[in-house]
Amino acid sequence: MDIKVEELKERLDKGETLNFYDVREEHEYEEDNLGATLIPLAELPDHLDELEPLKDEEIIIHCRSGARSGKAQAFLEARGFTNVRNVIGGILAYRELEEEA
C-alpha cells in the first residue's frame, strides 16, 4: 500500500504524529529531509527490534525516488509488518509538489 505525496504533505502540514522513516543515506538526509527518522536501507535489519512495536501500526517510508523505500517496504512486509506505506516518487516528488504550490 503506497501513499501519495499530496496525502503525506497534508498530514505533515496538520502536524500529525507519524511513524515516518527515511531510508536514504546520511549525507542525503543532511542535505534535505522531511523530518522523518533516518534509518538507511542497509541498516534496516539492525533496527527491527525498535520497529517491532509498530508491526500493526502505519509506517510511512520514503527515499529519494521511491525505489529504496519500496525495497524497505517489501523487507518489512516479509517480516510481518501489516501497514507499511511507500511514498510514491519520494522526496523528489514531495519537493516538486511544494514548488507547484
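Lys and Arg are counted here as positive and Asp and Glu as negative, with His and the chain ends left out, and each charge is placed at NZ of Lys, CZ of Arg, CG of Asp or CD of Glu. On that basis the protein chain carries 12 positive and 26 negative side chains, and the centres of the two sets lie 4 Å apart. The model is a predicted one, in which local features need pLDDT of at least 70 and side-chain atom pairs count only at pLDDT 80 or more, while totals for chains, interfaces and linings use all residues. Residues are numbered from 1 along each chain as its sequence is written, and side-chain values use heavy atoms, without hydrogens or water.

Helices (DSSP H or I, at least four residues) and strands (E, at least two) are DSSP runs numbered from the N terminus; the protein chain has 5 helices and 5 strands, and along the sequence they follow the pattern β-α-β-α-β-α-β-α-β-α. The radius of gyration, taken over C-alpha atoms, can be set against a globule rule of 2.2 Å times the number of residues to the power 0.38. For 101 residues a compact globule would come near 13 Å, and the value of 13 Å for the protein chain agrees. Along the principal axes, the C-alpha atoms fill a box of roughly 40 × 25 × 20 Å.

Burial is expressed as relative accessible area: under 20% is buried, over 50% exposed, and anything in between partly exposed (1.4 Å probe, protein chains only). Of the 101 residues, 41% count as buried. By the Shrake-Rupley method with a 1.4 Å probe, where only the protein chains shown count as cover for residues, the accessible surface comes to about 5600 Å², and 45% of that belongs to carbon and sulfur atoms.

Contacts (heavy atoms within 4.5 Å) reach well along the sequence. Residues 24 or more positions apart account for 68% of the contacts with a separation of 6 or more. Glutamine 73, in helix H4 (residues 67–78), is buried at 10% relative accessibility. Beyond residues up to four places away, glutamine 73 touches Met1, Asp2, Ile61, Val84, Arg85 and Asn86.

Side chains of opposite charge can pair when their charged atoms come close. With a salt bridge defined as a side-chain nitrogen of Lys or Arg within 4 Å of a carboxyl oxygen of Asp or Glu, the count is 12. One of them joins aspartate 13 to lysine 9 at 2.8 Å, N to O; both residues lie in helix H1 (residues 5–13), 4 residues apart, or about one turn of the helix. Aspartate 13 is exposed at 54% relative accessibility, whereas lysine 9 is buried at 19%.

Glutamate 16 and arginine 11 also meet in a salt bridge, at 2.8 Å, N to O. Here glutamate 16 is partly exposed at 35% and arginine 11 is buried at 12%. Arginine 85, buried at 10%, forms a salt bridge with glutamate 58, the closest N and O atoms being 2.9 Å apart. Arginine 85 sits in strand S5 (residues 84–87) and glutamate 58 in the loop between helix H3 (48–51) and strand S4 (59–62), so the pair ties together parts 27 residues apart in sequence. Through shared partners, salt bridges join Glu7, Arg11, Glu16, Glu58 and Arg85 into one network.
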